[in-house]
Amino acid sequence: MKINHIIKVFIFGVLISGYASGQVQQGGILTYVESEFPRAYDPITATDDIVNVRMTTMMYEGLFGYDIDREIRSRLADSYTVGRDNKELTVRMKRGKRWADGREVTARDVAKTIEAIWASDNLQEQRIISDIEEVRVEDDYTLTFLYQTPLPEEVMLRKLTFKLVPAHKINNLPLTRQSELARSPVGSGFYQMVRRGPTDITLRANQHFRQRDGGNMGPYIDEVRMYVQTDVGTQIEFLLNQQVDVMVEIPPPAIARLRAAGFQIKPYESLAYHFIAFNFNHSILRDQKVRQAMTYGFNRENALDRIYQNQGTLISGPFPPASAFYVRDRDAEPFPYDPAEAIRLLSQAGFNERASDGTRINNNGDRLSFTLVVPRHEGDDYTPRVTAQFISDMRRIGISIDLQELEFERWIQRVKYEHNFDLAFAQVVFDEAGNVAPMFLSTNNKPGAENFISYNNPEADELIKRFRETASPSERINLNRRLHRLLREDCPYIFLWSLNKNAAANQKVRNFMTRVTPFSFFDYVNEWYIREDW
Amino acid sequence: MRKEFSYDPNLEAAKGFKAFLRQPGSVSILIGSLFIIVFVAGALFGQYGYQLGLYPHSPTDVQYDRFDSPPTSSVLRTLFDRREEPEFDFEYYEPIEGHILGTDNDGRDIFIRVLNGASTYLYAGIVTVLISLLIGITLGSLTGYYRGKASESVASFITNVLDAYPRIVILIIVAFISHFNLYAIMVTLGILNATRIARIISGTIDSLKNTDFILAAKEIGLSDLTIIGKHIVWYNCRHLLSIQIIYGFASVILIEATLSYIGYGIGDPLVSWGRMIYEGSGGRYPHNFVAGVYWQAMPPVVAIIGTILGLNLLGDGLSKRFNVKQTDYLL
Amino acid sequence: MKIARPILKEILFALLVLFGTTFTIYLLLGQLIYEQDAEGVRTTPSFVSITAHYGEWVTDAVLKGELGHSQTVNRDVSEIIGEGFRQTFILVIGSIIVSILLAIPLGVIAALRSQTWFVRFFIPGTYLFSALPVFLLAIFIRPFWVEHFGILDWYAEISWFRLAGYFGIPIIILGIADGVLGEMIKHVREVVGGMIRENYIRAAIARGAKVSKHIIKNTLLPVFTIVTSRFSYALGGALIVEYIFFSQGISIVALDALKYRDPHVLLAIGMIFSLLIVAANIINRILTVAVDPRTRD
């Protein structure tokens, strides 16, 4: 049976590689399925939800973008020169790029976009452009950006990865979801929206794009159609029944089944990580030994393997495992599961005795008993299982955990604004540029700020401050690696894992995701094509 | 509206089990009570079995070396373990001695979890029913007894407002507000269930108000509280209320299971059957069912069906016994 | 003419109830919404501001017929709800028809042939089956439904068979589960059982006259009473069915609105729900009065 299985896989592999070298075909319809309807269609008000982002990446274009290795690549920009002191950047744009309504994309659109981002309340986009002090429009196709501090060339370009909006469609700022643009999008990307039904959206290739580039840069696929289906199980059935071609995210347990049915499965990093935060206002949790003990005492390997079917990486610090900042040394690996070590550390911290219910207490009578505050998302099957395992593991080493599940907004209120928690389960998105100041700088502890654990470590503050001041890429890597080691040892969080997501596609979608970046699933959709005869 | 029910004097005089069986609805009452006794005993065992050392597995502890193990009994395995050797990579788990119904995805013993779930519902059911009785009787007496314009319209306004919404929607909102707290769900459901009880009480009072014995009781100088509490609620409504209590209890189980299934129910460490069914089927993508793993979801399903069956039999039997018509408590 | 006054009273009272329900919902929602002041402190709105906001919404709804605008979905509330309710309406009406079609024959059989084994075991079995929650039946039928009827492409040609299965199976589940069917059967059984004991029916049967038409006509009314009094259950069940089968429709809109704090959408849905239920109550009242004029007061 096993050999049979291997042969099947082998033959299958040969078939796939044979077809992969097939001829590129023009035309066809690509269908994909989402769990939710997008809520806005412009790149400024729509960034709060990944569904919106996926849709807008097909319709809008930026000066620069990322490629598969997360290197910067020019999109609408033609060339650039770095000016004096690494504080100035002059960008020349490609000529003849057009908005979906036929107008040309000019430097004024860029300036207006930056103005619109500042006028909006979109913190995420504002963080991208945060260090840009001034934009000067030199002529229709040339712009000069002035930065507040000297920055490495790469970081300067990262600041320009925002998507452009058409200046002539913005009547008044700030842009809101009631604005015309948010409802009927006009972009300079590969596709434009042609129909919005009750459960579907149809995009058609941007004709102006096509004409200009003679089909070289433009997309091969004529039409992209999105369907909405909330239920993941039904989504998978649709995929299996060939009713949709692409599913952007499949649940880990379905991977084996879909792979066996001959679908392409492409993993991609979610660029986010989970952690359990310690509240540093709690006197017991301020003890590093207790925090380390809890990290040792939680069987994270097992949770990742059992609950997420091993679709992810355990982490030991706040950087993406694929990035240059992440330390890969043997001495910086995630803490192993070691309950004996955990118990030893707890004893060292003074918690030697056990109360009648098995909870450890110290000589003052302080119990190792904490509340864990967890956000509950509808349809999230994994978090409850993680917390159940965490609580069970903690009980084994003598820590009793009182679980409180909160609806997400309430969780934010409780954790980020009131700081009223002992432990909090949370998820955060990696910062690509490696800036972790919001989470760990001691001054960022106001209500609503990201350092909701009130972390205060002078050494970390110093490293973060120096990171922000320096422009040298190698020095930045060096500083962040030191910070990584420091945080791994100090355990301000129990760093859990960074998950992989998996996309699945029908075999007829060729060149599928050959270049995908996590937050822009469809960034390179122009290189995909459909072969009905695969 | 009141139904006169008189007992056959022969039956009343005859004692013993046989006599009991000859009364209408006794078989249903008997079987229903058996189910309920099993339910209560199971609930107590589920709550205290592990703590007292009667059962080796805890309902909440995740055990690493025993995931997804099928039931030990071969009959249950043939019923609920429909796994075939699939084409794709699939680990086959063997049954582990000591886990009668097998274990779930996280290695928790399903048997003790189902029983522990029963204890959740037992507790929630009792509290909910008490709340609904308290509110229902108060509101019902207000509308029925003090037929003043103001009190009547206020009470009838309240019952109408409570009825004018699918209860599942209200409960979802309450779950959101209360952090998925069992108490909040119990109180809300108690209030929502109270409307029917209120209608019964006010209806009965309405029909009895001008009867001789109530007028006589008033003449003697009995207080309103005594008249309502003793002569109306106890003597003339208890048969209707007992059926209401049973259906109220059933509604707690059904509604909590539904809420849990769609993800708005109570959370750990309390065990909910709805949640168990959801997780046992595999979640939003029911991969356990796809793979043929049924033993994780079926025990809570059977438990729900069994409990509802028991409660329904009991309710049916009681209404036959007391000769209560549907119309008596429906409207 | 005599019937008009109590109905008018009923309608006035219903309007009051409508305000009561929507305001209750709004008060509850107020606990979920946070307002941020200039210093970054987040609080839930006060009772006064909730009341003021509710007042605004009601004035708009009553005077202009506008149900407000949804911030998150970025569309007019009436538009969203109109779309969502079509499906819910089909489900609820369909399920009511299904339960009536099942309940009347079963109830009549149960009354006329009460000593047969079929009635002794099958009918209680039906009661039990119908007492089960919707989701329990739905999860076992859903895989089958998805495999055979799960339609996606509304722009392609859909066969009638598929369409019937697509709506039919959820409708049947909704019609059977959640207890309405069981209650109806019991009710019909009682009514028919009571009727055949009446002398004039016995006489008619003895004379060989056809009484079935008469019996069915007489059972319809109590059945409708149950339908109207259990209407809110059917709506609640429809939400679950939509959640499990369709992932579209009013329940998804409502849950999304709750998740994204969209009070106007929820208020409008709440208003329509309670409008329907209150209307059902009024119809119920009229029916009762029509049958038995003594209950007019």
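**View 1. The largest nonpolar core of the predicted model.** Of the 166 residues in this largest nonpolar core, B:Leu171 and C:Val241 touch the most other members; a nonpolar core is here a set of buried Ala, Val, Leu, Ile, Met, Phe, Trp, Tyr and Cys residues joined through C-beta atoms within 7 Å, and a residue is buried if 20 or more other C-beta atoms lie within 10 Å of its own, exposed if 12 or fewer, and partly exposed in between, with C-beta atoms placed from the backbone. Helix α10 (residues 224-261) of chain B supplies the largest share of this core, 19 residues, where helices (H or I, at least four residues) and strands (E, at least two) are DSSP runs numbered from the N terminus. Apart from this core lies another, of 80 residues, with A:Leu89, A:Ala100, A:Phe162 and A:Ala205 among them. Because this is a predicted model, local features need pLDDT of at least 70 and side-chain atom pairs count only at pLDDT 80 or more, whereas totals for chains, interfaces and linings use all residues. Residues are numbered from 1 along each chain as its sequence is written, while chains are lettered from A and ligands numbered from 1 in the order in which they are written.

**View 2. Surroundings of C:Val241.** Leaving aside residues up to four places away in sequence, C:Val241 touches C:Leu91, C:Val134, C:Ala138, C:Pro170, C:Ile173 and C:Leu174, a contact being two residues whose C-beta atoms, placed from the backbone, lie within 7 Å.

**View 3. Chain B, with 14 helices and 0 strands.** The C-alpha trace of chain B spans about 80 × 50 × 35 Å along its principal axes, and buried residues make up 53% of its 331 residues. Among contacts in chain B between residues at least 6 apart in sequence, 78% join residues at least 24 apart.

**View 4. Strand β10 of chain A and its pairing with β1 and β9.** Strand β1 (residues 29-34) of chain A runs parallel to strand β10 (residues 223-228) of chain A, joined to it by 6 bridges, and A:Ile29 stands opposite A:Glu223 in β10(A). Strand β9 (residues 200-205) of chain A pairs with β10(A) in the antiparallel sense over 5 bridges, with A:Leu203 opposite A:Val224; two strands count as paired if DSSP finds at least two bridges between them.

**View 5. An open sheet of 4 strands in chain A.** The strands follow the order β4-β5-β7-β6 (chain A), with antiparallel pairing. Strands β4 (77-82) and β6 (132-139) of chain A stand at the edges, each with a single partner strand, so one side of each is left without a neighbour in the sheet. The twist averages 20° from one strand to the next, with axes being lines fitted to C-alpha atoms, for helices over the stretch in contact, and angles running from 0 to 180 degrees between N-to-C directions. Helix α3 (residues 107-119) of chain A lies across β5, β6 and β7 (142-147) of chain A, running at about 160° to β6(A).

**View 6. Contacts between chain A and chain B.** Here 31 residues of chain A are in contact with 24 residues of chain B. On the side of chain A that touches chain B, α13(A) gives the most, with 7 residues.
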